[in-house]
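Me: I have a structure open and would like to learn how to read its features one at a time. Could you take me through some of them?

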Amino acid sequence: MSDSLQKKIQEICQSSNNDRARMMDIVQSVQKEFGCVSSEAMNLIAKATKSHHVEVESVVSFYSFLSKEQKGKTVIRLCNDTVDRMKGCQEVAKALSSELGVKFGETTSDGKITLEYTPCIGMCDQAPAALINDVVAPNLTAEKVKEIVKNLKKGVDPSKLSLGKGDGNNTDSLIGAAVRNNVLKVGDVIFADNDSGKGLENALALKPEEVIDMIKVAKLRGRGGAGFPTGLKWQFTRSARGEQKFVICNADEGEPGTFKDRVLLTEKFDLLFEGMTIAGYAIGASTGIIYVRGEYAYLLKFLKSKLKERYDQRLLGKNIKGKSGFNFDIRIQMGSGAYICGEESALISSCEGLRGDPKTRPPFPAQRGYLASPTSVNNVETICSVTRILEKGSDWFLSIGSTNSSGTKILSISGYCKRPGVYEYPFGISITDLLNDVGAEDAKAVLVGGPSGQFIGKNEFSRIICYNDLGTGGSIVIFGPKCDLLKAVDEYMEFFVEESCGYCTPCRAGNILLKKKLEEILEGNGESADLDYLQSLGEGIKKTSRCGLGQTSPNPILTTLKNFKPLYEALMKPQEKGMQPTFDIRAALGDAEKAQMRKSVLYKN
Amino acid sequence: MSEKTVIIKIDGIEIKAKAGQTIMQAADEAGVYIPRLCYLKDLTPHGSCRVCTVKVNGRYQTACTEPAVDGMEVENKTQELEGLRRDIIDMLFVEGNHFCMFCEKSGNCDLQAEAYRLGICAPKFPYLFPDRDIDGTHPDIFIDRNRCILCGRCVNASRDVDGKTVFEFVGRGSEKKVAVNADAKLGDTNMALTDKAADVCPVGAIIKKRIGFAIPVGKRTYDQKPIGSEIESKS
């Protein structure tokens, strides 16, 4: 065992107080330092944190950004999401591969650069994009890639690459990213100017129960997709038994096609921190955690500095704003590349330093969440709305939006359209109006809510975005007249197969079976009974899966079967001579014919 | 735990449950069998196989994890649920490599027994032919991951009963597997033949060496009576 490894790992573990619950931070630091978490390192971490080698391995092996095998000092992760493929990521991939002289999944022979694919990194409005270590490289072309690789080979640090110019806070020296915000529609709630600090001030003038009542009266519902009433969740958490309570902000937007939280974290962090503080006051929590997806690591330094500013201004810490006894701290927990961690109980597992397996429910997090304490998990946008409700009042919030869906919804719009970006609409906007705004009047299909949502066709474009009709976490992907919709469906199924945590049978195995059958059909080997097979298998997976991932993963198939069935039917071959279409008689006879040096008498063609 | 009694209905029949019991526990005591694989009495319910999926007031839940609540209406033995269970068991068969007739666990295997009970003769899904490894390094215990159904019984038993954490899951999705607490193999761990974890595997994935055919095929547990019979004989 090398002494330097031992010393460094002890240091890393100590900086997290040798706390096993901070395993994520520890293994992330080790990965960053050594390019892997080796078996030897696992032993050292296990020893320092009083856990077991296999427990460390279980965490490391779960997350895409961590690995037991050595990776290059620089890791290039090209996003191959469906939108990136629409925008030419294959060309970029080819260029990367040939410039580096390695295939995807490999490391250059000098061991310096690793090339990988990664699913959606939250940059669909500036696709194709890649992550170079933590640095975002948007709007890539084959030409740009050549330049980037040339510089990386010369030893240029990824943060010093010239990748273009960002806007807003992306130009801040602590971010310095080429990312653009692309906020193309400013609504009344989130992106409108706000009176910073007023929401918290108003909250602290009320009793905690009154704050919860305000949220209830405003009828705020969760913006993450499930739409659970926020006030009720807070009430459950407040009234649950437990000495310590927690507020967790879910900033793990991983749904392909969504990127609004990226912009909120960049520009509206104050609205978010203030809302979390209000939540802490309302439910009686003294700790808040923001779980930020690993893909947004480029924002970490900036967010930390903004948190520090709030501590300096007594907006965080002890006796906040002079309110005696109200203490609230916020820490940031970085993820490491796992879609499932957007599921609230998996997110809690991850915060606890475990693999991101969803937890058994009941008990729900409001009763027994982070470290077995009552916990309220809320989406970024939800928490930002809270601040505004406390600032401007419940009635104001109720007056925006549609029946039973108060307030605004921020949509991440990408794919086939002239103006991809972030749009904040009052609830009740129709898909037709939305398509006009973004420049996609001739769209063939719209994927509402990302692949876990639904594909809808032209005859449904008059439907509206709200909790009673098209509910969505905010991902809107538009498909043009010429796109191959079923290919996209296949790509999304690949995504779910990759991202299933594997805990339960139907999601782990069922999605693979769905994808295999779909592939057969796409290859022209399908028969009409296969559509019933897809339907019944898909429904079965939804019914029996343990968490939201498996309960929605068959949606790309099921909603296209419902709304675009002719696309499937067009692929069906007429059956010949009572044979199954999957059976290839020529291939079956091939070897025998070769041996006999003559064609079959019965099957000549 | 409170001894308060709650009444739930399973397939229209009222049964009594103690407050705090799960549907599975209440059903077992009342002599109603709900098919299951990952559940084992006295271990923390894992809720991963999903075979015990029932319909509770119209919603799909696993009986092993769902608490019994007064007035609950539970559907168990319906055509729909049995179909879903058959599909899940089918998935487990094609996801691993199971050759019942040659496996030394045959006749004592819960997966095989549930398949027979639910009337599965041949899988309806295509085989996935996974590449899985075996581990024979331990003097007394053999791991064949081709059989593993990821039920988590060994993980829970070793951690919670034996206090050893010999096993834990690694990887995710179809790459998920049971790993051992060592750089490489089971032989390097402190696993003992007397551990609870050596006893709980429902299939032929963790087996004790040298006792495989001590009881001949035909005279084994499920050769005599179908799985679940001992529970049903209580009613």
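This is a predicted model: local features need pLDDT of at least 70, side-chain atom pairs count only at pLDDT 80 or more; totals for chains, interfaces and linings use all residues.

Me: Which residues of H3(A) are the buried ones?

Reply: They are A:Ser39, A:Ala41, A:Met42, A:Leu44, A:Ile45, A:Ala46, A:Ala48 and A:Thr49. The cover over these buried residues includes helix H1 (3-15), helix H2 (23-34) and helix H4 (53-60) of chain A. H3(A) is followed by A:Lys50, which has a positive phi near 55°.

Me: Is A:His53 buried or exposed?

Reply: A:His53 has 4% relative accessibility, so it counts as buried, the cut-off being under 20%. This histidine lies in helix H4 of chain A. Apart from neighbours within four places in sequence, A:His53 is in contact with A:Ser39, A:Met42, A:Asn43 and A:Ala46, and with B:Asn181, B:Ala182 and B:Asp183 of chain B.

Me: How should I describe two helices that pack together?

Reply: Two packed helices are described by the angle between their axes and the distance between the axes. Take helix H18 (residues 485-499) and helix H19 (residues 505-522), both of chain A: they pack at an angle of about 155°, and their axes are 9 Å apart. That angle makes H18(A) roughly antiparallel to H19(A), since angles over 145 degrees fall in that class. H18(A) passes H19(A) in a left-handed crossing.

Me: Which residues make the contact between H18(A) and H19(A)?

Reply: From H18(A) they are A:Leu486, A:Val489, A:Asp490, A:Met493, A:Glu494 and A:Val497. From H19(A) they are A:Asn511, A:Ile512, A:Leu514, A:Lys515, A:Leu518, A:Glu519 and A:Leu522. Sorted by class, this contact has eight nonpolar, one polar and four charged residues.

Me: What is the arrangement of H12(A) and H13(A)?

Reply: The axes of helix H12 (residues 269-283) of chain A and H13(A) come within 11 Å and cross at roughly 55°. That makes H12(A) oblique to H13(A). The crossing in which H12(A) passes H13(A) is right-handed. In H12(A), A:Phe269, A:Asp270, A:Phe273, A:Glu274 and A:Thr277 meet A:Phe302, A:Leu303, A:Lys306, A:Leu307 and A:Arg310 in H13(A). The classes in this contact are five nonpolar, one polar and four charged residues.

Me: Now the backbone. Where are there cis peptide bonds?

Reply: One joins A:Ala127 and A:Pro128, with omega about -5°. A:Pro128 sits in the loop between strand E2 (113-118) and strand E3 (130-132) of chain A. Another cis peptide bond joins A:Pro362 and A:Pro363, with omega about 0°. A:Pro363 is placed in the loop between helix H14 (344-351) and strand E9 (375-379) of chain A.

Me: What else is in the loop between H14 and E9 of chain A?

Reply: A:Ser373 is there. At 12% relative accessibility, this serine counts as buried. Not counting residues up to four places away in sequence, A:Ser373 touches A:Gln244, A:Phe246, A:Pro365, A:Gln367 and A:Arg368.

Me: Which residues other than glycine have a positive phi?

Reply: A:Arg314 is one of them, with phi near 60°. This arginine is in the loop between helix H13 (300-312) and strand E8 (329-334) of chain A, and at 46% relative accessibility it counts as partly exposed. B:Phe129 also has a positive phi, near 40°. B:Phe129 is in the loop between helix H3 (110-117) and strand E6 (134-135) of chain B. With 64% relative accessibility, B:Phe129 counts as exposed, because the cut-off for that class is over 50%.

Me: Last, what surrounds B:Ser48?

Reply: B:Ser48 is in the loop between helix H1 (23-30) and strand E3 (53-56) of chain B. At 2% relative accessibility, B:Ser48 counts as buried. Leaving aside neighbours within four places in sequence, B:Ser48 is in contact with A:Tyr503, A:Cys504 and A:Thr505 of chain A, and with B:Cys38, B:Leu150 and B:Cys151. The side chain of B:Ser48 also makes a polar contact of 2.7 Å with the side chain of B:His46. B:Leu37 is 11 residues away from B:Ser48 along the chain, and their C-alpha atoms are separated by 8.9 Å.

Definitions and conventions: Residues are numbered from 1 along each chain as its sequence is written. Chains are lettered from A and ligands numbered from 1 in the order in which they are written. Side-chain values use heavy atoms; hydrogens and water are left out. Axes are lines fitted to C-alpha atoms, for helices over the stretch in contact, and angles run from 0 to 180 degrees between N-to-C directions. Helices (H or I, at least four residues) and strands (E, at least two) are DSSP runs, numbered from the N terminus. Angles under 35 degrees count as roughly parallel, over 145 as roughly antiparallel, 65 to 115 as roughly perpendicular and the rest as oblique. A crossing is left-handed if the near helix is turned anticlockwise from the far one by less than a right angle, and right-handed if clockwise. Contact means heavy atoms within 4.5 Å. Ala, Val, Leu, Ile, Met, Phe, Trp, Tyr, Cys and Pro count as nonpolar, Asp, Glu, Lys and Arg as charged, and the others, Gly among them, as polar. Buried means under 20% relative accessible area, exposed over 50%, partly exposed in between (1.4 Å probe, protein chains only). A polar contact is a pair of N or O atoms within 3.5 Å; within protein, one must be able to donate a hydrogen and the other to accept it, and residues adjacent in sequence count only if both atoms are side-chain atoms.
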